[in-house]
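Me: I have some questions about how the terms used for this structure are decided. Please give the cut-offs along with each answer.

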Amino acid sequence: MENSQTNYFYQVFGLIISTSIECPELLSSHTECADVEIKIGNVPKQLNKISKQDQNYQLNSEQLLLKVENVGSYLIEKGQKITISPSELGIYDDTRLVLLGSALGIIQHQRGRLTLHASALTNGKDTILICGNSGAGKSTTANILIKNGFKLLSDDLAVIDFKNDQPWLMPAYPQSKLWQDATDKLSIETQGLKRVLSNLDKFAYPLHQHFSNTPTKVIHGLILGKADITEPKLVKLPTVSKIDLMKRHTYRKRLLSNTQKQTNIQQCAKLASTLNIAALHRPLESNSLESVLDLITNKFINRN
């Protein structure tokens, strides 16, 4: 990968970032006063005063060193700086994918912001978070809502700021990531779409005309899951379960410091007490997108 001296400025999650890596997914910024600086450079093999580590990361009170095999190492510091040392075997798109996912997610945690593994959408009146484990169908569900008038706020990483104790979603960028089976269900042609990882049948789907770049108050939360049932169904949740589910769907939660964990627990409790949250169970096998759409728009949002 070339270490370009050009600096690009983008806006994402309510922040201005300066980077020597071109990121065409992101929205350009006319402001060149950056909150976060990203550059190619050397990173240490070992952090000082490590409080937590495994073979993929090291963590101390102000830094996190993330190592991704065949991609590179990422030194993430104080919520303000990311230094990337690409692997010699690394592919540019793979390096950028980790930057826009894990690395920027860790930056949000370091800045004390609630960051969830979730999609977020709005129709101007109702804004909804869609959480779920990998494979639960977050992006698929998001895109069926987009086909029916919603706009994307965030595809996979939802960053929430609290203003007067109310949760506001900070927009990401106008792109969804879809597996091949999801594009088939949604009748999206993949010819011409880029793979998000060089060795996966997962595609970057641009959504410039269906994206909202305005911070939006979140009202609803859905937890997606699959079950051995024939039709999708909504399940009400007790408050304790809501808090636990928000914690469970915290983005890269194993990479949080002890201080960040305490902040996260408080923020998850605040979010759970604020939102209308339910679980949406989908059948294991059937293509139930229309039924899911009906449940969300007519029985979940409009009844609350």
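Me: Which element gives the most to the lining of the second largest pocket, and with how many residues?

Reply: Helix H1 gives the most to that lining, with 4 residues. The model is a predicted one, where local features need pLDDT of at least 70, side-chain atom pairs count only at pLDDT 80 or more, and totals for chains, interfaces and linings use all residues. Residues are numbered from 1 along each chain as its sequence is written, and side-chain values use heavy atoms, with hydrogens and water left out.

Me: What makes a residue part of a pocket lining?

Reply: A lining residue has an atom within 4 Å of a pocket point; the points lie on a 1 Å grid over the protein atoms alone, and a pocket is an open set of them with protein on both sides within 12 Å along at least five of seven lines. The second largest pocket has a volume of about 290 Å³, the space filled by probe spheres set on the points, which are joined across faces, edges and corners. Its lining has 17 residues, and Glu25, Arg96, Gln175, Lys194 and Ala204 are the closest to its centre. H1, S16 and strand S17 (202–206) each give two or more residues to this lining.

Me: What is the volume of the largest pocket, and which residues lie nearest its centre?

Reply: The largest pocket holds about 960 Å³ of space. Among its 40 lining residues, His117, Ser134, Asp156, Lys177 and Lys202 lie nearest the centre. H1 (92–110) supplies the largest share, 6 residues.

Me: How do the residues of that lining divide by class?

Reply: They divide into 17 nonpolar, 11 polar and 12 charged. Ala, Val, Leu, Ile, Met, Phe, Trp, Tyr, Cys and Pro count as nonpolar, Asp, Glu, Lys and Arg as charged, and the others, Gly among them, as polar. Of the residues nearest the centre, Asp156, Lys177 and Lys202 therefore count as charged.

Me: What makes Asp54 and Arg254 a salt bridge?

Reply: A salt bridge needs a side-chain nitrogen of Lys or Arg within 4 Å of a carboxyl oxygen of Asp or Glu. In this pair the closest N and O atoms are 3.2 Å apart, so the pair meets the cut-off. Asp54 is in strand S5 (residues 52–54) and Arg254 in the loop between helix H4 (239–248) and H5, 200 residues apart. The structure holds 11 salt bridges.

Me: Why are S10 and S18 called edge strands?

Reply: The order of the open sheet of 4 strands is S10-S14-S15-S18, with antiparallel pairing. Strand S10 (114–116) and strand S18 (216–217) each have a single partner strand, so one side of each is left without a neighbour in the sheet.

Me: How do you know that S10 and S14 pair?

Reply: Two strands pair if DSSP finds at least two bridges between them. S10 and strand S14 (residues 158–163) are joined by 3 bridges, so they pair. Leu116 stands opposite Ala158 in S14. S15 and S18 are joined by 2 bridges, which therefore also meets the requirement.

Methods. 1 Å grid on protein atoms, 1.4 Å probe; cavity = no way out; pocket = protein on both sides within 12 Å on 5 of 7 lines; lining within 4 Å.
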